[in-house]
Amino acid sequence: MLAVPMAQAQQYHRPPQGMQQQNGPSHFNKKHEARKPFAKKQRWSKGSRMSDWKRKQHVRDYHRYGLQRPGRGQQWVKVDNDYLLISMATGIIAGIAAGR
């Protein structure tokens with residue numbers, strides 16, 4: 001066992017100069033202040049229109065996600081954790097599948 005003089009041992013447990021803790025760890029308060037409120041999840045329904053579907057991620061490998069093949073003029077789009085089957089001409093939702 002290595003013996004360390006008391007003055008040296010206390011030196012290892014002190015925070016660096018200028019980083020003195022005042023009311024608990026400072027990173028704790030900053031972490032919680034930076035939290036953003038949760039965004040409300042959109043509830044999709046068949047027959048409703050999605051206006052900005054072109055900005056969402058297009059799903060090409062639909063079989064990988066257990067989705068059916070899209071019909072002519074339709075494509076799967078991933079929104080949050082849901083997959084929407086969109087009519088490309090009108091933007092109307094033809095089908096919905098929840099992500100896993």
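Trainee: Leaving aside its neighbours within four places in sequence, which residues count as contacts of Ser-87?

Mentor: Gly-73, Gln-74 and Ile-92. A contact means heavy atoms within 4.5 Å, and these three residues are in contact with Ser-87.

Trainee: What stands behind these values?

Mentor: This is a predicted model, in which local features need pLDDT of at least 70 and side-chain atom pairs count only at pLDDT 80 or more, while totals for chains, interfaces and linings use all residues. Residues are numbered from 1 along each chain as its sequence is written, and side-chain values use heavy atoms, with hydrogens and water left out.

Trainee: What makes the link between the side chains of Ser-87 and Thr-90 a polar contact?

Mentor: Its length is 3.3 Å. The definition asks for a pair of N or O atoms within 3.5 Å; within protein, one must be able to donate a hydrogen and the other to accept it, and residues adjacent in sequence count only if both atoms are side-chain atoms. The Ser-87 to Thr-90 pair therefore qualifies.

Trainee: Where does Ser-87 lie?

Mentor: In strand E3. Strands (E, at least two residues) and helices (H or I, at least four) are DSSP runs, numbered from the N terminus. The protein has two helices and four strands. Their order from the N terminus is α-α-β-β-β-β.

Trainee: Which residue of E3 stands opposite Gln-74?

Mentor: Ser-87. Another bridge pair is Gln-75 with Ile-86 in E3.

Trainee: How do you know that E2 and E3 are paired?

Mentor: Count the bridges. Two strands pair if DSSP finds at least two bridges between them. E2 and E3 (residues 82-87) are joined by six and run antiparallel. The pairing therefore holds.

Trainee: What about E1 and E2?

Mentor: Three bridges join them, and they run antiparallel. They therefore pass the cut-off as well. Gln-57 stands opposite Lys-78 in E2.

Trainee: What is the strand order of the open sheet?

Mentor: E1-E2-E3-E4, with antiparallel pairing. E1 and E4 (93-98) each have a single partner strand, so one side of each has no neighbour in the sheet. That is why they are edge strands. From one strand to the next, the twist averages 30°. Axes here are lines fitted to C-alpha atoms, for helices over the stretch in contact; angles run from 0 to 180 degrees between N-to-C directions.

Trainee: Why is Gln-75 called buried?

Mentor: Its relative accessible area is 13%. Buried means under 20%, exposed over 50%, partly exposed in between (1.4 Å probe, protein chains only). Gln-75 therefore falls in the buried class. Buried residues make up 19% of the 100 residues in the protein.

Trainee: What surrounds Gln-75?

Mentor: Beyond its neighbours within four places in sequence, its contacts include Trp-53, Pro-70, Leu-84 and Met-88. His-58 is also one of them. The side chains of Gln-75 and His-58 make a polar contact at 2.9 Å.

Trainee: What makes the phi of Asp-80 worth a remark?

Mentor: Its value is near 55°, positive in a residue other than glycine. Most residues other than glycine have a negative phi. Asp-80 lies in the turn of the E2-E3 hairpin, which has two residues between the strands.

Trainee: Is Asp-80 buried or exposed?

Mentor: Exposed, because its relative accessible area is 57%.

Trainee: How do you know that Arg-64 and Asp-61 form a salt bridge?

Mentor: Their closest N and O atoms are 3.5 Å apart. The definition asks for a side-chain nitrogen of Lys or Arg within 4 Å of a carboxyl oxygen of Asp or Glu. The pair therefore meets the definition. The structure holds one salt bridge.

Trainee: Which exposure class does Arg-64 fall in?

Mentor: Exposed, with a relative accessible area of 64%. Asp-61, at 35%, counts as partly exposed.
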